[in-house]
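Have the sequence and the 3D view open as you read.

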Amino acid sequence: MGDELLNFWGPVTSSIDWCENNYVCSSYIAEFYNTISNIPTIMLAVIGLIIALSQGFEKRFTVLHLSNMILAMGSILFHGTLQRVQQQSDETPMVWEMLLYIYILYSPDWHYRSTMPTFLFLYGVIFAVVHSLFHFKISFKAHYAVLCLLCIPRMYKYYIHTEDLAAKRIAKLYVVTLFLASLCWLCDRVFCENVSNWPINPQGHALWHVFMGFNSYFANAFLMFCRAQQRGWEPKIVHFLGLVPYVKIQKPKSQ
């Protein structure tokens, strides 16, 4: 009974319980730091969304920033409850987001315009249904890793064909944040038993969230720059408050 009073969401039913003590800061939040660490992702996605809408970027980028927000909100639900149903609200949007990145990266050279979005949409729907039924564990991670790897060659191609130094710097920040995020995730999983005995838990998974939030923002900004170049919109990198880089475009009057 005592445990039930301290644990608002009941016993853990998710397939993963991360390296953070549960219900320490609040009886309503299972993993406090893993939950609040999604806030930077939401804030950066809102900034990206405002930029995309205010300058008239294609709808794909509006959907991309919204998908970043949805993923972060799903992660909040998962880490805040550690319930199996809420775990799906984190993992399924992860796959959907990667499918969207694949579309944005590969669609400019795809000759049959309707086939790619149709296939990716159906793939995403089928995955959501199957994953909700079978609750993949290791295979989910492998599947997600494959989707990520599919994006790398195309990102590299865009990088080597980009001459703008500021845009290249954003691409490098994308790589750096991805590396740091992956390192934090890996250390949190591999060294959890050791970390649990430290006086202060460095919260590796929470840091993964923070770095991946910036990683998504840098990826989006770089892709927006590349797409604007393809459309002849004269993009350039400017900084909000001198800190946050974003893409500013100048569309021809005919557009």
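H8 crosses H10 in a left-handed sense (the near helix is turned anticlockwise from the far one by less than a right angle; clockwise would be right-handed). This is a predicted model, in which local features need pLDDT of at least 70, side-chain atom pairs count only at pLDDT 80 or more, and totals for chains, interfaces and linings use all residues. Residues are numbered from 1 along each chain as its sequence is written, and side-chain values use heavy atoms, with hydrogens and water left out.

By class, the H8 contact with H10 holds 20 nonpolar, five polar and one charged residues. The packing angle of H8 (residues 165–190) and H10 (residues 204–230) is about 160°, and their axes lie 8 Å apart. The two helices are therefore roughly antiparallel, a term for angles over 145 degrees.

Next come the helix lengths, where the expected span is 1.5 Å times one less than the number of residues.

| Helix | Residues | End-to-end C-alpha distance | Expected span |
|---|---|---|---|
| H7 | 23 residues | 34 Å | 33 Å |

In H8, the buried residues include Lys168, Tyr174, Thr177, Cys184 and Asp188. Partners of the buried H8 residues are H7, H9, H10 and the strands S1 (236–240) and S2 (244–248).

Technical notes. Axes fitted to C-alpha atoms, helices over the stretch in contact; angles between N-to-C directions. Helix = DSSP H or I, 4+ residues; strand = E, 2+ residues; numbered from the N terminus. Parallel < 35°, antiparallel > 145°, perpendicular 65-115°, else oblique. Nonpolar A, V, L, I, M, F, W, Y, C, P; charged D, E, K, R; others polar. Buried < 20%, exposed > 50% of the residue type's maximum accessible area, 1.4 Å probe, protein only. Contact = heavy atoms within 4.5 Å.
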